[in-house]
Amino acid sequence: MDKETYLRFLRALLVNRLPAEDAEDIVRFYTEYFEEAGPEKEAQVMATLGSPEELTAKIMEQRAKEEADGVREPDEPRTRGYSAPAGNGFLPRWVGIMLVVFMGCMIVPTVGGMAIGFGAAGIVLFACGGLMIALGVLGAGLGGKLLALGGGLVMISVGSLLVQAAGGMFWLVKKAMTNLWNVLVEGGLTYHEAVN
(Lines give C-alpha, C1' and ligand atoms only; values in the text may rest on other atoms or scores of the structure.)
Protein backbone atom coordinates (compact mmCIF):
# COMPACT_ATOMS: atom_id res chain seq x y z
CA MET A 1 0.00 0.00 0.00
CA ASP A 2 1.33 3.45 -0.82
CA LYS A 3 0.98 6.71 1.12
CA GLU A 4 -1.98 8.00 -0.93
CA THR A 5 -3.96 4.79 -0.46
CA TYR A 6 -3.20 4.76 3.27
CA LEU A 7 -4.36 8.36 3.67
CA ARG A 8 -7.48 7.74 1.58
CA PHE A 9 -8.42 4.83 3.85
CA LEU A 10 -7.73 6.92 6.93
CA ARG A 11 -9.98 9.70 5.61
CA ALA A 12 -12.74 7.19 4.80
CA LEU A 13 -12.59 5.79 8.33
CA LEU A 14 -12.60 9.19 10.04
CA VAL A 15 -15.22 10.93 7.91
CA ASN A 16 -18.25 9.36 9.65
CA ARG A 17 -16.77 9.47 13.13
CA LEU A 18 -15.64 13.07 13.38
CA PRO A 19 -16.67 16.52 12.19
CA ALA A 20 -15.41 17.10 8.64
CA GLU A 21 -12.92 19.80 9.72
CA ASP A 22 -11.40 17.55 12.38
CA ALA A 23 -11.10 14.61 9.98
CA GLU A 24 -9.38 16.81 7.39
CA ASP A 25 -7.03 18.27 10.03
CA ILE A 26 -5.99 14.77 11.10
CA VAL A 27 -5.45 13.63 7.50
CA ARG A 28 -3.47 16.81 6.81
CA PHE A 29 -1.31 16.13 9.90
CA TYR A 30 -0.50 12.60 8.73
CA THR A 31 0.10 13.79 5.16
CA GLU A 32 2.75 16.18 6.49
CA TYR A 33 4.10 13.38 8.70
CA PHE A 34 4.61 11.19 5.61
CA GLU A 35 6.16 14.08 3.66
CA GLU A 36 8.63 14.82 6.43
CA ALA A 37 9.67 11.15 6.57
CA GLY A 38 10.21 11.08 2.79
CA PRO A 39 9.18 8.54 0.15
CA GLU A 40 11.89 6.07 1.10
CA LYS A 41 10.46 5.71 4.63
CA GLU A 42 6.75 5.39 3.72
CA ALA A 43 6.66 1.68 4.58
CA GLN A 44 8.41 2.30 7.89
CA VAL A 45 5.94 5.07 8.80
CA MET A 46 2.97 2.81 7.95
CA ALA A 47 4.45 0.01 10.05
CA THR A 48 4.88 2.43 12.96
CA LEU A 49 1.35 3.85 12.67
CA GLY A 50 -0.32 0.49 12.04
CA SER A 51 -3.15 -0.06 9.59
CA PRO A 52 -5.61 2.80 8.94
CA GLU A 53 -8.12 0.95 11.12
CA GLU A 54 -5.64 0.69 14.01
CA LEU A 55 -4.67 4.36 13.68
CA THR A 56 -8.33 5.41 13.60
CA ALA A 57 -9.00 3.38 16.74
CA LYS A 58 -6.04 5.07 18.48
CA ILE A 59 -7.25 8.53 17.41
CA MET A 60 -10.79 7.86 18.60
CA GLU A 61 -9.50 6.44 21.89
CA GLN A 62 -7.33 9.53 22.45
CA ARG A 63 -10.26 11.85 21.68
CA ALA A 64 -12.53 9.95 24.09
CA LYS A 65 -9.86 10.19 26.80
CA GLU A 66 -9.48 13.95 26.21
CA GLU A 67 -13.27 14.39 26.40
CA ALA A 68 -13.41 12.38 29.64
CA ASP A 69 -10.58 14.46 31.13
CA GLY A 70 -12.31 17.70 30.10
CA VAL A 71 -9.49 18.69 27.74
CA ARG A 72 -11.78 18.57 24.73
CA GLU A 73 -15.44 19.43 24.26
CA PRO A 74 -17.46 16.40 23.19
CA ASP A 75 -18.15 16.23 19.47
CA GLU A 76 -21.69 16.83 18.32
CA PRO A 77 -23.49 13.55 17.75
CA ARG A 78 -23.32 12.70 14.07
CA THR A 79 -25.97 10.92 12.13
CA ARG A 80 -24.66 7.75 10.57
CA GLY A 81 -26.53 8.31 7.32
CA TYR A 82 -25.53 7.42 3.83
CA SER A 83 -22.44 9.57 3.52
CA ALA A 84 -19.33 8.27 1.82
CA PRO A 85 -15.70 9.39 1.66
CA ALA A 86 -15.01 12.52 -0.36
CA GLY A 87 -15.01 11.89 -4.08
CA ASN A 88 -17.10 8.71 -3.90
CA GLY A 89 -20.53 10.32 -4.04
CA PHE A 90 -23.22 10.52 -1.40
CA LEU A 91 -25.74 7.90 -2.39
CA PRO A 92 -27.93 5.65 -0.31
CA ARG A 93 -26.79 2.04 -0.54
CA TRP A 94 -29.92 0.93 -2.39
CA VAL A 95 -29.37 3.60 -5.08
CA GLY A 96 -25.79 2.41 -5.51
CA ILE A 97 -26.98 -1.18 -5.85
CA MET A 98 -29.59 -0.16 -8.43
CA LEU A 99 -26.96 1.74 -10.44
CA VAL A 100 -24.57 -1.21 -10.35
CA VAL A 101 -27.35 -3.56 -11.50
CA PHE A 102 -28.37 -1.16 -14.27
CA MET A 103 -24.77 -0.68 -15.45
CA GLY A 104 -24.23 -4.43 -15.23
CA CYS A 105 -27.26 -5.01 -17.44
CA MET A 106 -25.78 -2.58 -19.98
CA ILE A 107 -22.06 -3.34 -19.80
CA VAL A 108 -21.91 -7.09 -19.25
CA PRO A 109 -24.00 -8.19 -22.26
CA THR A 110 -22.46 -5.63 -24.60
CA VAL A 111 -18.81 -6.17 -23.76
CA GLY A 112 -19.39 -9.86 -23.02
CA GLY A 113 -20.91 -10.33 -26.48
CA MET A 114 -18.00 -8.52 -28.08
CA ALA A 115 -15.54 -10.64 -26.12
CA ILE A 116 -17.27 -13.87 -27.14
CA GLY A 117 -17.29 -12.68 -30.74
CA PHE A 118 -13.60 -11.79 -30.62
CA GLY A 119 -12.77 -15.10 -28.96
CA ALA A 120 -14.76 -17.13 -31.49
CA ALA A 121 -13.29 -15.21 -34.42
CA GLY A 122 -9.81 -15.72 -32.97
CA ILE A 123 -10.31 -19.47 -32.61
CA VAL A 124 -11.66 -19.73 -36.17
CA LEU A 125 -8.78 -17.66 -37.57
CA PHE A 126 -6.28 -19.73 -35.60
CA ALA A 127 -7.76 -22.99 -36.93
CA CYS A 128 -8.02 -21.68 -40.50
CA GLY A 129 -4.42 -20.46 -40.36
CA GLY A 130 -3.25 -23.92 -39.29
CA LEU A 131 -5.34 -25.55 -42.01
CA MET A 132 -4.01 -23.11 -44.62
CA ILE A 133 -0.42 -23.94 -43.66
CA ALA A 134 -1.14 -27.70 -43.75
CA LEU A 135 -2.84 -27.52 -47.14
CA GLY A 136 -0.23 -25.09 -48.48
CA VAL A 137 2.54 -27.60 -47.77
CA LEU A 138 0.68 -30.13 -49.90
CA GLY A 139 -0.01 -27.57 -52.65
CA ALA A 140 1.91 -27.20 -55.88
CA GLY A 141 4.78 -24.78 -56.47
CA LEU A 142 7.09 -22.90 -54.17
CA GLY A 143 5.17 -19.62 -54.58
CA GLY A 144 1.90 -21.26 -53.51
CA LYS A 145 3.57 -22.87 -50.51
CA LEU A 146 5.14 -19.56 -49.38
CA LEU A 147 1.86 -17.72 -49.89
CA ALA A 148 -0.04 -20.33 -47.88
CA LEU A 149 2.61 -20.31 -45.15
CA GLY A 150 2.60 -16.50 -44.89
CA GLY A 151 -1.18 -16.24 -44.98
CA GLY A 152 -1.54 -19.02 -42.42
CA LEU A 153 0.94 -17.39 -40.02
CA VAL A 154 -0.85 -14.05 -40.34
CA MET A 155 -4.19 -15.73 -39.59
CA ILE A 156 -2.73 -17.54 -36.57
CA SER A 157 -1.23 -14.27 -35.26
CA VAL A 158 -4.47 -12.32 -35.68
CA GLY A 159 -6.42 -15.19 -34.13
CA SER A 160 -4.11 -15.23 -31.12
CA LEU A 161 -4.51 -11.48 -30.68
CA LEU A 162 -8.30 -11.76 -30.84
CA VAL A 163 -8.36 -14.53 -28.22
CA GLN A 164 -6.13 -12.43 -25.95
CA ALA A 165 -8.36 -9.39 -26.54
CA ALA A 166 -11.40 -11.46 -25.55
CA GLY A 167 -9.71 -12.52 -22.30
CA GLY A 168 -8.72 -8.91 -21.63
CA MET A 169 -12.30 -7.76 -22.18
CA PHE A 170 -13.63 -10.30 -19.67
CA TRP A 171 -11.01 -9.15 -17.15
CA LEU A 172 -11.88 -5.50 -17.84
CA VAL A 173 -15.61 -6.09 -17.28
CA LYS A 174 -14.91 -7.92 -14.01
CA LYS A 175 -12.61 -5.13 -12.83
CA ALA A 176 -15.05 -2.39 -13.88
CA MET A 177 -18.00 -4.02 -12.14
CA THR A 178 -15.96 -4.63 -8.98
CA ASN A 179 -14.79 -1.00 -8.89
CA LEU A 180 -18.31 0.25 -9.61
CA TRP A 181 -19.63 -1.83 -6.69
CA ASN A 182 -16.86 -0.58 -4.39
CA VAL A 183 -17.45 3.07 -5.26
CA LEU A 184 -21.26 3.18 -5.42
CA VAL A 185 -22.22 0.62 -2.78
CA GLU A 186 -19.29 0.20 -0.39
CA GLY A 187 -18.18 3.86 -0.48
CA GLY A 188 -14.65 3.05 -1.65
CA LEU A 189 -12.16 0.22 -1.47
CA THR A 190 -11.69 -1.59 1.77
CA TYR A 191 -8.30 -1.88 3.39
CA HIS A 192 -8.11 -5.66 2.91
CA GLU A 193 -8.83 -5.44 -0.83
CA ALA A 194 -5.95 -3.05 -1.33
CA VAL A 195 -3.30 -5.16 0.37
CA ASN A 196 -4.23 -8.38 -1.47
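**Entry 1: H2 and H4.** I looked up the handedness of the crossing between helices H2 and H4 and found it to be right-handed. A crossing is called left-handed if the near helix is turned anticlockwise from the far one by less than a right angle, and right-handed if clockwise. The model is a predicted one, in which local features need pLDDT of at least 70 and side-chain atom pairs count only at pLDDT 80 or more, while totals for chains, interfaces and linings use all residues. Residues are numbered from 1 along each chain as its sequence is written, and side-chain values use heavy atoms, with hydrogens and water left out.

I noted that H2 and H4 (residues 52-68) pack at an angle of about 125°, their axes being 13 Å apart. This makes H2 oblique to H4; angles under 35 degrees count as roughly parallel, over 145 as roughly antiparallel, 65 to 115 as roughly perpendicular and the rest as oblique. Asp22, Ile26 and Tyr30 of H2 meet Leu55, Ile59 and Arg63 of H4, where contact means heavy atoms within 4.5 Å.

**Entry 2: H1 and H2.** I then turned to helix H1 (residues 3-14), which packs with H2 at about 160°, with axes 10 Å apart. H1 is therefore roughly antiparallel to H2. I recorded a right-handed crossing here as well. Among the H2 residues that meet H1 are Ile26 and Tyr30; Ile26 and Tyr30 are also among the residues of H2 that meet H4.

**Entry 3: aromatic rings.** I looked up the aromatic pairs and found four in the structure. The rings of Phe29 and Tyr33 lie 6.4 Å apart between centres with planes at 20°, so this pair is stacked. Rings of Phe, Tyr and Trp (its six-membered ring) pair if their centres lie within 6.5 Å; planes under 30 degrees apart count as stacked, over 60 as edge-to-face and the rest as tilted. Phe29 and Tyr33 are four residues apart in H2 (residues 20-37), about one turn of the helix.

Next I checked Tyr30 and Tyr33, which form an edge-to-face pair, 6.3 Å centre to centre and 80° between the planes. I noted that Phe29, Tyr30 and Tyr33 form one aromatic cluster.

Entry 4: Phe29 is partly exposed at 48%, and Tyr33 is partly exposed at 33%. Buried means under 20% relative accessible area, exposed over 50%, and partly exposed in between (1.4 Å probe, protein chains only).

Notes: Helix = DSSP H or I, 4+ residues; strand = E, 2+ residues; numbered from the N terminus. Axes fitted to C-alpha atoms, helices over the stretch in contact; angles between N-to-C directions.
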